[in-house]
Amino acid sequence: MVVLVIAPVALAVTALAAVTALFAFGVSVESGALREPIARAMAQSLGRPVGVTGDARLVLSLQPAVELGGLRIGNPPGFDDEAFAVLGAARLEVDLLPLLRRRLVIRELSARDLVVRQGRRADGLGSRPRAG
């Protein structure tokens, strides 16, 4: 009878240790399937077309991160079709515990090979994002 009680407890402790190690040391998931959902979420948030043509990687840890290659952010409607920003690579790393409480704490936001082009409409309005 004692063995039957100890076995589930040992299994639970082992599973908890494995999950803790996973998050402490981090695990990386590379997937092209991440590109489209990430691009859609960014486009909705920015109000601009967004495309991801390179690698997409999700790092699961206490500081989860998203790494994207070949990121293109378009101009808003009413501007030309040329990209507002093109990034060779981008990385966003956040803190997990605040994220679980629906609070975003950014640890790192970085870009490599960044090119930004400010477009202008005929009325002089620029294509850069406006605060507020």
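**Exercise 1. Determine what share of the protein is buried.**

Solution. Buried residues make up 27% of the 132 residues in the protein. Here buried means under 20% relative accessible area, exposed means over 50%, and partly exposed lies in between, with a 1.4 Å probe and protein chains only. The model is predicted: local features need pLDDT of at least 70, side-chain atom pairs count only at pLDDT 80 or more, and totals for chains, interfaces and linings use all residues. Residues are numbered from 1 along each chain as its sequence is written, and side-chain values use heavy atoms, with hydrogens and water left out.

**Exercise 2. State how many helices and strands the protein has, and give their pattern.**

Solution. Helices (H or I, at least four residues) and strands (E, at least two) are DSSP runs, numbered from the N terminus. The protein contains 3 helices and 6 strands. Along the sequence, the pattern reads α-β-α-β-β-β-β-α-β.

**Exercise 3. Describe where Arg102 lies, and whether Arg102 is buried or exposed.**

Solution. First, the location: Arg102 is in the loop between helix H3 (96–100) and strand S6 (106–116). Next, the backbone: Arg102 is not a glycine, yet has a positive phi of about 65°. Most residues other than glycine have a negative phi. Finally, the accessibility: Arg102 counts as exposed because its relative accessibility is 81%.

**Exercise 4. Carry out the corresponding steps for Asp113.**

Solution. Asp113 belongs to strand S6. Its phi is positive, near 55°, in a residue other than glycine. With 54% relative accessibility, Asp113 counts as exposed.
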